[in-house]
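Biologist: Could you take me through this model, feature by feature, with the general idea before each case?

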Amino acid sequence: MRALDIPLLVVTVVLCALGGLVLDSATAHQLAWSPEVVRQTAAMGVGLLVMLACWRVSPAMLRKLAPFLYLVAVAGLVLVRIPGIGQLSHGARRWISLGPFGAFQPSEPAKLFLLLAVATLLTRRPDPSTRLSTALGALLLLAVPCGLIMLQPDLGTALVLCGTTLALLIVSGTSPVLLLALGTGGLAAAPYFMHDYQKARLMTYLNPQADPMGSGYNLLQAQTAVGSGQLFGTGLFTGPMSQHGFVPENWTDFIFTVVGEEMGFVGCIGFLALYAVLIGLLVRTALMARDRFDMLLASGVAAMLALHVLVNVGMVLSLLPATGFPLPFASYGGTAVVTHMAALGLAMGVYRRYHETSEDLWGMRTAVPWASIP
């Protein structure tokens with residue numbers, strides 16, 4: 001049990017419990033018995049088992065499986081594009097229907113599988129003389145799933161892939177000049193890959209009042225719902241806007257509006273504090289890592305979850321343009337929950353390996369900086 005990261009496990013379970021409660025409140029106005037809550041609870045149970053299984057996987061096995069898992073991710077993203085297999089919803093083809101069990105979203109595990117592939121590449125080629133070719137190799141790994149996801153279209157998940165890959169390049173020691181050049185080039189090319197509705201969302205973000213009953217409706221309603229919660233909120237299951245369906249998609253991307261309206265400023269700060277503790281524990285794990293691969297793995301998981309939280313909350317508060325970003329462990333989506341818990345399981349494996357190998361003859365734990373180990 002000493003090798004089990006109890007704080008990380010406890011924070012994850014608390015976030016899942018609170019997320020399930022908020023989701024139940026968000027869907028209470030639809031049906032007295034919400035199938036979303038039942039499916040989400042089942043997904044959390046499966047995710048917990050997957051997390052504990054990933055906790056025991058060795059880094060050698062992960063590095064061997066990384067190329068295969070990457071190909072599986074690409075195959076899933078290609079499969080969802082085929083009419084009759086991929087499920088079309090809200091103008092996007094992102095899901096594969098599973099009948100009464102809901103739907104499977106291939107882009108969710110693709111985030112984790114890409115992280116493993118890039119971390120493996122950066123581990124195999126740590127020599128500074130190959131940094132440029134290694135960075136270009138990482139970008140090539142990114143380009144294939146990112147391009148397929150943009151075709152769905154799903155700008156939010158594509159941004160997660162880009163942000164996670166960038167974080168891995170930064171942590172691995174890639175030249176800041178090279179990163180600046182790549183980032184500038186990516187931003188310059190972005191408008192050419194964006195769909196018209198995505199460009200319209202950007203304009204709406206700049207001025208949502210221009211079309212308050214159309215494209216700006218979601219953002220304005222979200223602001224109103226969060227602001228109406230004031231300090232302590234109206235109480236769970238009693239928010240007027242949440243319980244009467246005035247905020248569209250408030251059980252998925254806009255679920256933080258339920259937290260703001262029904263739990264108030266105090267509830268929002270509490271939720272964000274839990275996420276901060278979770279990400280802080282992942283950063284601690286990265287600093288404890290015994291080798292380069294483990295360091296990159298824990299850092300990538302921390303970056304992936306931090307991006308989700310920052311962009312989702314920023315979108316709800318109109319600090320960022322609206323994109324399809326779920327809030328981890330709160331927004332409805334079984335595939336996302338299982339993927340995030342699997343990622344946490346892999347990070348817990350880094351913690352386990354540290355505690356299994358960092359005892360000397362006197363039983364005292366000794367920290368070995370990851371940077372001192374090839």
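Modeller: We will go through the salt bridges, then a helix, a surface patch and two further contacts.

Modeller: This is a predicted model, in which local features need pLDDT of at least 70 and side-chain atom pairs count only at pLDDT 80 or more, while totals for chains, interfaces and linings use all residues. Residues are numbered from 1 along each chain as its sequence is written, and side-chain values use heavy atoms, with hydrogens and water left out.

Biologist: How many salt bridges does a search of the whole structure find?

Modeller: Side chains of opposite charge can pair when their charged atoms come close. The criterion here is a side-chain nitrogen of Lys or Arg within 4 Å of a carboxyl oxygen of Asp or Glu, and the search of the whole structure finds three such salt bridges. In one of them the side chains of Asp5 and Arg284 meet, at 2.4 Å from N to O. Asp5 belongs to the segment before α1 (6-27) and Arg284 to helix α11, so this pair ties together parts that are 279 residues apart in sequence. Helices here are DSSP runs of H or I with at least four residues, numbered from the N terminus.

Biologist: Are Asp5 and Arg284 buried or exposed, or in between?

Modeller: Buried means under 20% relative accessible area, exposed over 50%, and partly exposed in between, with a 1.4 Å probe and protein chains only. Asp5 is buried, at 0%, whereas Arg284, at 25%, counts as partly exposed.

Biologist: Which residue forms a salt bridge with Lys111, and which helix holds them both?

Modeller: An α-helix has 3.6 residues a turn, so residues three or four places apart point the same way. Lys111 pairs with Glu108, their closest N and O atoms being 2.6 Å apart, and both lie in helix α4 (residues 107-124), three residues apart, which is about one turn of the helix. Lys111 counts as buried at 2% relative accessibility, and Glu108 is buried at 2% as well.

Biologist: Where do Arg353 and Asp294 lie?

Modeller: Arg353 forms a salt bridge with Asp294, with 2.8 Å between the closest N and O atoms. The pair links distant parts of the chain, 59 residues apart, with Arg353 in helix α13 (residues 334-357) and Asp294 in helix α12 (residues 292-316). Arg353 is buried at 10% relative accessibility, and Asp294 is buried at 1%.

Biologist: How should I read the span of helix α2?

Modeller: The expected span of a helix is 1.5 Å times one less than its number of residues. For the 21 residues of α2 (residues 35-55) this gives 30 Å, and the end C-alpha atoms are 30 Å apart, which agrees. Among the buried residues of α2 are Val37, Met44, Met51 and Trp55.

Biologist: Which residues make the nonpolar surface patch?

Modeller: Leu231, Phe232, Phe265, Val266 and Ile269 make a patch of about 500 Å². Ile269, which is found in helix α11 (residues 256-288), counts as partly exposed at 42% relative accessibility.

Biologist: What does the side chain of Ser331 reach?

Modeller: Ser331, in the loop between α12 and α13, is buried at 4%, and its side chain reaches the backbone nitrogen of Leu327 at 2.8 Å. Finally, Ile279 lies in helix α11, and its C-alpha atom is separated by 5.5 Å from that of Ala302, 23 residues apart along the chain.

Conventions
Helices (H or I, at least four residues) and strands (E, at least two) are DSSP runs, numbered from the N terminus. Patches are made of residues with over 30% relative accessible area and no salt bridge: like charges are joined within 9 Å, nonpolar side chains (Val, Leu, Ile, Met, Phe, Trp, Tyr) within 5 Å. Accessible areas come from the Shrake-Rupley method with a 1.4 Å probe; for residues, only the protein chains shown count as cover. A polar contact is a pair of N or O atoms within 3.5 Å; within protein, one must be able to donate a hydrogen and the other to accept it, and residues adjacent in sequence count only if both atoms are side-chain atoms.
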